[in-house]
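Please look through the structure below before reading my note.

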Amino acid sequence: MDVIPRIRSARWVDKGPVAALIADAVYPTALAQWLVPDPAARRRVLADVAAIWVEHAMFHGDIQITDDLSATAVAFHRYRPIAPPANYRSRIDTAAGTHAQRFDILDQLLTNQRPTDPHHHLAILAVRPDTQRRGLGAAMLTHHEARLDRINLPAWTETLPDTQDLYLRHGYLPRPALTLPDGPTVTLMHRAPRPAHESGQLNANNPTAVAPTLARPVAPQ
């Protein structure tokens with residue numbers, strides 16, 4: 001059985017490594033290819049854009065990581081509307097360059113689908129490619145949902161179809177999917193809070209699962 005590293009809250013010093021981890025995890029996906037068609041620029045753009053949202057989550061959400069930085073979960077506390085990052089327009093233009101419009105399209109489309117009632121937004125669930133298929137994604141979700149169930153708060157996430165089964169095993173239910181213009185399909189998923197005994201039983205039945213590379217590449221406002 002694979003040993004799951006300790007999961008802890010990210011510190012400010014972890015900001016760069018978390019953004020790099022997200023870029024590595026997202027890089028091979030169809031969504032990343034749609035966002036940044038140029039493979040030579042893709043990893044750099046993904047890391048620079050991720051850094052904007054990782055920093056923002058440290059002020060308006062929370063970031064959980066494993067001690068060895070093999071997996072991360074980036075979430076936003078959407079108890080009320082959240083303002084975009086400071087100087088977002090200039091920062092996204094600098095980070096994404098000619099690809100900024102694709103990020104804008106994704107942000108707007110997903111923002112239009114997101115619930116308006118208070119919820120916890122699991123914006124990014126990323127597992128480093130060389131540590132996937134070891135149960136890290138499942139462990140991060142178990143950790144995440146245990147905290148939400150204690151405060152009786154629903155969760156929302158967006159993922160790709162090939163990672164949907166993991167979320168289903170953790171109580172997320174799919175909503176109508178979103179297909180990007182000339183691009184891949186994104187699965188929208190909602191999870192209602194569960195009493196502690198139900199969550200424990202659900203996760204005991206599914207202690208490990210294939211770790212996903214992506215919940216989303218960015219967290220739109």
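**Notes on the fold**

1. Strand β3 (residues 71–78) and strand β4 (residues 119–127) pair in the antiparallel sense, with eight bridges between them. Two strands count as paired if DSSP finds at least two bridges between them, while the helices (H or I, at least four residues) and strands (E, at least two) are themselves DSSP runs, numbered from the N terminus. Within this pair, F76 stands opposite H121 of β4, and A75 has L122 of β4 as its bridge partner.

2. Before going further, please note that this is a predicted model, in which local features need pLDDT of at least 70 and side-chain atom pairs count only at pLDDT 80 or more, whereas totals for chains, interfaces and linings use all residues. Residues are numbered from 1 along each chain as its sequence is written, and side-chain values use heavy atoms, with hydrogens and water left out.

3. On its other pairing, β3 runs antiparallel to β2, to which five bridges join it, and Q64 stands opposite A73 in β3. The two strands β2 and β3 form a hairpin with four residues between them, and L69 in the turn has a positive phi of about 55 degrees. Seven of the eight residues of β3 are buried, so the strand is largely enclosed by the rest of the structure; buried means under 20% relative accessible area, exposed means over 50%, and partly exposed lies in between (1.4 Å probe, protein chains only).

4. The whole sheet is open and has seven strands in the order β1-β2-β3-β4-β5-β7-β6, with mixed pairing. β1 (7–9) and β6 (173–179) stand at the edges with a single partner strand each, so one side of each is left without a neighbour in the sheet.

5. Which strands does helix α1 lie across? Helix α1 (residues 15–26) lies across β2 (61–66), β3 and β4, and runs at about 70 degrees to β4. Helix α5 (residues 100–113) also packs on the sheet, where it touches β5 (155–159), β6 and β7 (185–191), and its direction makes about 35 degrees with that of β7. For these angles, axes are lines fitted to C-alpha atoms, for helices over the stretch in contact, and the angles run from 0 to 180 degrees between N-to-C directions.

6. Helix α3 (residues 39–60) packs against helix α4 (residues 88–96) at an angle of about 155 degrees, with their axes 8 Å apart. That makes α3 roughly antiparallel to α4, since angles under 35 degrees count as roughly parallel, over 145 as roughly antiparallel, 65 to 115 as roughly perpendicular and the rest as oblique. Among the residues making the contact are V45, V49 and W53 of α3 and Y88 and I92 of α4, where contact means heavy atoms within 4.5 Å.

7. Finally, P181 sits in the loop between β6 and β7, and is partly exposed, with a relative accessible area of 43%. P181 touches W34, I105 and L109, not counting residues up to four places away in sequence.
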